[in-house]
Amino acid sequence: MSANPQWDISRALRVARLFHLVCGVRDACVTPFLTLYLRQLGLAAPWVGILMGTKHLIAAFWAPFCAFLARSHQKRRVLMTASLLGSAGASLFMVLVPPLDRDPGHRRCNGSHSLTAEGPPPGVALTVTVTLASEPASNSPAGVLSLPGAKSSGVAGTRGFGEGPGESGQEPFSYTPGSSVGSTQGTRNRSGVLLHPDTPGVTGSPREGAFRVVSPPLPLSAGGTALASPANQSAAEGDGRALGLSLEGLQWTFILSLGSVVLWELLTSPLEQVADDSLYEYLDFVDATDRYRSLWVWRLLGTSVGVCGIAALVGPLDCFLATSGPRGVVHFYGYSLVSALALLVSIAFPVPVCRRQEPSYRTVKALSLVVGDPHLTVLALTIFLTGGATSAVQNFLFWQMKDHGSSELTMGFSVALGLLGEIMLHPFKAPLLRKLSRVGTLGLGLGCLAGQLLYYSFLWSWWSVLPAQILSALSHGALWWAVSTSIEHLATPGTERPLSAVFRGHVCGSGASLGSFVGGFVVTRFSLPVLYQACCVLLLLWLALFLSIQPRLPQERKINYSKLLAVEASDTSDSEQGTERDWLVKAMREEHSDWRG
């Protein structure tokens, strides 16, 4: 920019809207479906929780640090360009991560070029065929359990061992893998190893089967007999060797996934905050920051369009872009393509340049303000718990929908439904805050989030999640409206934006990280409905505590602006010392100190 730049606010806002729209589409290509892709790689819930917790933790602290460095060294446009280019390349590393099941036999395209089920989704009863051995145990020790696509015998109905042992040489078997819900009933998927459940309805028959899917073949015993025969002992030795290979594959899959996610998040997380700070300061030069407040709508619109669009493309394009490995690589290719489009838009993105920068410690001031103000401390604890509970929904809701037979298009539509509901509810923001107050609106948001979690724990079909998504407008939108309004009232002059960044970044991100770490182990140890119910109880307990302690908190200090103006008008002293005593002038000078000189 020149020394006397010409401020074209209309053009800057048009570019900013387009940039937010494209970035919304870009994020929607991968972010909502990332945990589903990690599950298809063969990673169980604890490993997915660790990956997502690490991702949230990096975003919470790395993004503000990069934004500070870019502002201090006048490298905002360089950082934006590097972030878009680097994240587009880093996302493709996820395509190279080898899945635990490298057998392409479970991926088939039918005549309409769409993929069939790539394996049994944990939690869904999927019938497979067991070829039972009719020879003695010494000749044929165990039958082989085959999945669709592995043998020509295919899939029989949706029932279990319902027929007698002599009615058919092949019997359908229904099992429920538990990698997503970690249930104590049915199949478990631990460390990528499928374990066969106790099979009800089959008694008194020493028949064994073996899984030949992702994991090593494990002996399948209906009645627990004939386990010590020589044939079974040799089979067990082979199973042990296969188990070692499976655990080694799990280790490499997890390590490569962790490295890819960390690199990807390090490159992509600074973009949003750097772009927001640049646009805000650009508009602040001409006192047009009021027009900055409406730009969030464009990002939500982009996310709504992107999440549905990429979900509609996954099925047809996966057949052409991948021949092996899990489905979902289209998400990463789409992310890279949209990143290239965002890079072109970012060339015209308004980035202010000032000739001299002074050191800024506003984040430290905001953190000290949170610690020193009881109202902000309670609000921070609320956002921390909300972030942890929300991570449970974001990480594992698509797992549960997949277990009920949902398509990715339905998953994308459920996300878009919540975002569009938030946009449509926004015109009622002021009346809602006026009728319920900030505390009441915050309590309403917490109550709706708890109700959503409780509802999710009782899902019965793939479409049953859609009604609850309407509550996202209140559980997310209304809750953050109350938080933003509280920050405006409680923050000291010049700390509103840093304080808001602390709440959205550090506090909420830390809560989401902890929730992801803990949630994965809860899912494995208990089940996904138990995780949702535990989060619901925790939020309701905190809501009761939050409402009960509000009357006991110190009263908020209110500023009498009429008295302040009267004092200012009566002040006839023009000395610099008298001006410095005015806190309002001090705050204004601190706010614009970066642009002086």
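User: What makes the nonpolar surface patch?

Analyst: The model is predicted. In it, Trp 62, Phe 65, Phe 68, Leu 69 and Leu 266 make a nonpolar surface patch of about 410 Å². Nonpolar side chains are joined into a patch within 5 Å, and each residue needs over 30% relative accessible area. Helix H3, residues 45–72, gives the largest share, four residues.

User: Why does Phe 65 count as partly exposed?

Analyst: Phe 65 lies in helix H3. Its relative accessibility is 42%. Buried means under 20% and exposed means over 50%. The value falls in between, so Phe 65 is partly exposed.

User: Why is the pair of Trp 264 and Tyr 335 called edge-to-face?

Analyst: A search of the whole structure finds 12 aromatic pairs. In the pair of Trp 264 and Tyr 335, the ring centres are 5.3 Å apart and the planes stand at 90°. Ring centres within 6.5 Å make a pair, and planes over 60 degrees apart count as edge-to-face.

User: How do you know whether Trp 264 and Tyr 335 are buried or exposed?

Analyst: Compare each value with the cut-off for buried, under 20%. Trp 264 has 3% relative accessibility, so it counts as buried. Tyr 335 has 1%, so Tyr 335 counts as buried too.

User: Why is Arg 504 said to lie over the face of Trp 480?

Analyst: Arg 504 is at 4.4 Å from the ring centre of Trp 480. The distance limit is 6 Å, with a further limit of 35 degrees from the ring normal. The distance is inside its limit, and Arg 504 is listed as lying over the face. Likewise, the charged end of Arg 525 sits over the ring of Phe 526, 5.1 Å from its centre.

User: What is the phi of Gln 74, and what is that of Ser 437?

Analyst: Gln 74 has a phi near 55°, a positive value in a residue other than glycine. Gln 74 is in the loop between H3 and helix H4. Ser 437 is not a glycine either, and its phi is about 70°. Ser 437 is in helix H13, residues 429–456.

Conventions: Residues numbered from 1 in each chain as written. Predicted model: local features only at pLDDT ≥ 70, side-chain atom pairs only at ≥ 80, totals over all residues. Heavy atoms only, no water. Phe/Tyr/Trp six-rings, centres within 6.5 Å; stacked < 30°, edge-to-face > 60°. Buried < 20%, exposed > 50% of the residue type's maximum accessible area, 1.4 Å probe, protein only. Patch = residues over 30% accessible without salt bridge, like charges linked within 9 Å, V, L, I, M, F, W, Y side chains within 5 Å. Areas by Shrake-Rupley, 256 points an atom, 1.4 Å probe, with all protein chains shown as cover. Salt bridge = Lys/Arg side-chain N within 4 Å of Asp/Glu carboxyl O. Helix = DSSP H or I, 4+ residues; strand = E, 2+ residues; numbered from the N terminus.
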